[in-house]
Amino acid sequence: MARRHGYSREYLYDLFSQVRRKQWTLDYLSRDSGRRGPPRPGSWSRYRAKFLTEKHIAAGASFWNRHAEALERASRHYGVDPEYILGILGVETFYGNNLGNHRVIDALTTLAFDYPRRSAYFTQELENYLVMTQREGIDPTEPLGSYAGAMGLGQFMPSSFLRFAVDFDGDGRRDLWDATDAIGSIANYFASHGWRPGEPVAAPAIVTRAAARGLETGLDARYPLAVLADYGIRPVLDHPAESVRLLRLSTDAGDEYWVGYDNFYVITRYNHSVHYAMAVHQLAEAVRQRYQELASARL
């Protein structure tokens with residue numbers, strides 16, 4: 001930091017003398033890595049149940065009502081449907097109610113120096129965090145976030161903050177703990193990754209088990225619609241697309257097949273998980289429907 005960014009060594013020694021090693025984080029990641037393996041049957045049903053709840057849907061509609069101006073402005077400016085901004089907020093932090101209670105500098109320093117498997121990544125994020133706090137005039141010992149250093153309502157890592165965070169309320173600061181700035185920043189993130197306004201995200205596919213046998217599924221499994229049609233697979237949504245991703249979700253009742261359009265892939269740039277992106281998609285649709293129902297009832 002001293003050589004690359006001109007930091008005083010004395011400042012850095014003083015700062016890092018205040019950092020505390022997060023043994024809990026290292027123990028948690030060690031346990032979690034030991035559980036990795038192929039998804040168990042019904043994994044999507046269990047994941048979905050965490051986020052597609054009445055509590056999440058009602059809170060999302062309420063948040064939309066309170067922040068309608070910022071959401072509509074972000075949608076106009078960045079071309080991102082407001083419900084998908086809310087889908088991110090709902091899955092990440094329950095609309096700002098679960099922001100994390102770990103000091104970001106403790107989390108990032110612990111993972112940079114004591115978690116060899118991803119040390120390079122977290123060392124870069126620690127560097128970005130120090131640059132971020134200097135640029136924004138923030139005391140680096142103060143911000144709280146997740147155990148891995150993600151920050152604010154949208155849980156941006158420092159590298160994402162530097163690239164995509166915006167001052168959407170015009171107060172001269174980029175503050176991801178502020179709802180308006182978080183809304184604008186998530187919309188900017190999606191737009192920067194190629195969000196296509198008004199286009200679909202995902203749709204169920206009609207498929208027989210025999211038709212799907214031998215076909216790869218997942219984010220890397222892209223097929224022209226004509227190829228899927230040759231296998232007897234078709235999405236219920238009639239939308240032209242050069243290619244789609246064939247997705248398989250394991251539910252308690254058996255496998256579900258979906259197709260993911262380009263906007264689905266954009267959501268996975270936020271978190272590289274089919275389950276995550278599908279939860280954001282389905283929560284977004286449910287919140288939009290609830291918000292529209294409430295708006296109609298008020299007329």
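Is Glu136 buried or exposed, and at what relative accessibility? At 16% relative accessibility, Glu136 counts as buried; here, buried means under 20% relative accessible area, exposed means over 50%, and partly exposed falls in between (1.4 Å probe, protein chains only).

A word before the views. This is a predicted model, so local features need pLDDT of at least 70 and side-chain atom pairs count only at pLDDT 80 or more, while totals for chains, interfaces and linings use all residues. Residues are numbered from 1 along each chain as its sequence is written, and side-chain values use heavy atoms, with hydrogens and water left out.

**View 1. Glu136 pairs up with Arg174.**
The side chains of these two, Arg174 and Glu136, meet in a salt bridge at 3.0 Å, N to O; that term needs a side-chain nitrogen of Lys or Arg within 4 Å of a carboxyl oxygen of Asp or Glu. Glu136 sits in helix α9 (residues 119-136) and Arg174 in the loop between α10 (158-164) and α11 (179-192), so the pair ties together parts that are 38 residues apart in sequence. Helices (H or I, at least four residues) and strands (E, at least two) are DSSP runs, numbered from the N terminus. Arg174 counts as buried too, at 17% relative accessibility.

**View 2. Other charged pairs.**
The structure holds 13 salt bridges. One of them joins the side chains of Arg103 and Asp106 at 2.9 Å, N to O. Arg103 counts as partly exposed at 21% relative accessibility, and Asp106 as buried at 6%. Asp175 has a salt bridge with Arg173, with the closest N and O atoms 3.7 Å apart. In a network of salt bridges you'll find Arg196, Glu199, Arg222 and Asp262 linked up.

Look for Asp81 in the loop between α6 (68-78) and α7 (82-93). Asp81 is buried yet has no salt bridge, and the nearest side chain of opposite charge, Arg288, is 6.5 Å away. (Lys and Arg count as positive, Asp and Glu as negative; His and the chain ends are not counted.) What Asp81 does have is a polar contact of 2.9 Å between its side chain and that of Trp195. A polar contact is a pair of N or O atoms within 3.5 Å; within protein, one must be able to donate a hydrogen and the other to accept it, and residues adjacent in sequence count only if both atoms are side-chain atoms.

**View 3. The β6 and β7 hairpin.**
Strands β6 (244-251) and β7 (254-260) form a hairpin with 2 residues between them. They pair in the antiparallel sense over 7 bridges, where pairing takes at least two bridges found by DSSP. Leu246, for instance, has Val259 in β7 as its bridge partner. In β6, 7 of the 8 residues are buried, so the strand is largely enclosed by the rest of the structure.

**View 4. Inside the largest nonpolar core.**
A nonpolar core is a set of buried Ala, Val, Leu, Ile, Met, Phe, Trp, Tyr and Cys residues joined through side-chain atoms within 4.5 Å. The largest one has 81 residues, and those with the most contacts inside it are Ile85, Leu89, Phe190, Phe264 and Ile267. Helix α15 supplies the largest share of this core, 11 residues. A second, separate core of 14 residues includes Ala203, Ala211, Ala221 and Tyr261.

How values were computed:
Contact means heavy atoms within 4.5 Å.
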